[in-house]
Amino acid sequence: YKNVHIVLNALDNVDARLYMDAQCVANKKALVDAGTLGSKGNVQVVVPNLSESYASSADPPDPAIPVCTLKNFPYSISHTIHWGRDLF
């Protein structure tokens, strides 16, 4: 990490994002994390000693599953169950 000044993330899972966040925090490197989840997108810039890290923040829970997620971007078993209940 000594020759790196900034890390750009476009990872596909939270565990990988948390790992890279921890590495950037430990090595005092800036991080730009970008990603999507269903139809939602997110970009977060983490600057050492100036902003909160990726692990410090979390989205509030969604009260319901959006219809667009169920029909176009299902990513969990609960979406499949919900879709099946709606269909039958």
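**Close-up views of a predicted model**

**View 1. H79 in helix 3.** H79 lies in helix 3, where helices (H or I, at least four residues) and strands (E, at least two) are DSSP runs, numbered from the N terminus. The model is a predicted one, in which local features need pLDDT of at least 70 and side-chain atom pairs count only at pLDDT 80 or more, while totals for chains, interfaces and linings use all residues. Residues are numbered from 1 along each chain as its sequence is written, and side-chain values use heavy atoms, with hydrogens and water left out. With a relative accessible area of 5%, H79 is buried; here buried means under 20% relative accessible area, exposed over 50%, and partly exposed in between, with a 1.4 Å probe and protein chains only. When neighbours within four places in sequence are set aside, the contacts of H79 are I65, T69, L70 and P74, a contact being heavy atoms within 4.5 Å.

**View 2. The salt bridge between D33 and R17.** The side chains of D33 and R17 form a salt bridge, with 3.2 Å from N to O. Strand 2 (residues 30-37) holds D33 and helix 1 (residues 14-27) holds R17, so the pair ties together parts that are 16 residues apart in sequence. By the rule applied here, which requires a side-chain nitrogen of Lys or Arg within 4 Å of a carboxyl oxygen of Asp or Glu, the count comes to one salt bridge. Both partners are buried, D33 at 2% relative accessibility and R17 at 9%. As background, side chains of opposite charge can pair when their charged atoms come close.

**View 3. D21, a buried residue without a salt bridge.** D21 is found in helix 1 and, at 2% relative accessibility, counts as buried. D21 has no salt bridge, and R17, the nearest side chain of opposite charge, is 10 Å away; in this assignment Lys and Arg count as positive and Asp and Glu as negative, whereas His and the chain ends are not counted. A polar atom of the D21 side chain does, however, lie 3.0 Å from the backbone nitrogen of Y54. Residues up to four places away in sequence not being counted, D21 touches L31, S53, Y54 and A55. For T69, which is 48 residues from D21 along the chain, the C-alpha atoms of the two residues are separated by 27 Å.

View 4. K28, in the loop between helix 1 and strand 2, has a phi near 55°, which is a positive value in a residue other than glycine. The relative accessibility of K28 is 59%, and the residue counts as exposed. Between the C-alpha atoms of K28 and I6, which are 22 residues apart along the chain, the separation is 9.5 Å. N49, although not a glycine, likewise has a positive phi, of about 65°, and lies in the loop between strand 3 and helix 2. N49 is exposed, its relative accessible area being 71%.

**View 5. V47 and N72.** V47 is placed in the loop between strand 3 (40-46) and helix 2 (67-72), and at 29% relative accessibility V47 counts as partly exposed. N72 has its place in helix 2 and is exposed, with a relative accessible area of 53%. From N72 to S39, 33 residues apart in sequence, the C-alpha to C-alpha distance is 8.7 Å.

**View 6. A nonpolar surface patch that includes W83.** W83, L87 and F88 make a nonpolar surface patch of about 420 Å². Patches are made of residues with over 30% relative accessible area and no salt bridge, like charges being joined within 9 Å and nonpolar side chains (Val, Leu, Ile, Met, Phe, Trp, Tyr) within 5 Å. The accessible areas come from the Shrake-Rupley method with a 1.4 Å probe, and for residues only the protein chains shown count as cover. W83 lies in helix 3 (residues 77-87) and is partly exposed, with a relative accessible area of 42%.

Terms used. Polar contact = N/O pair within 3.5 Å; in protein donor to acceptor, adjacent residues only side chain to side chain.
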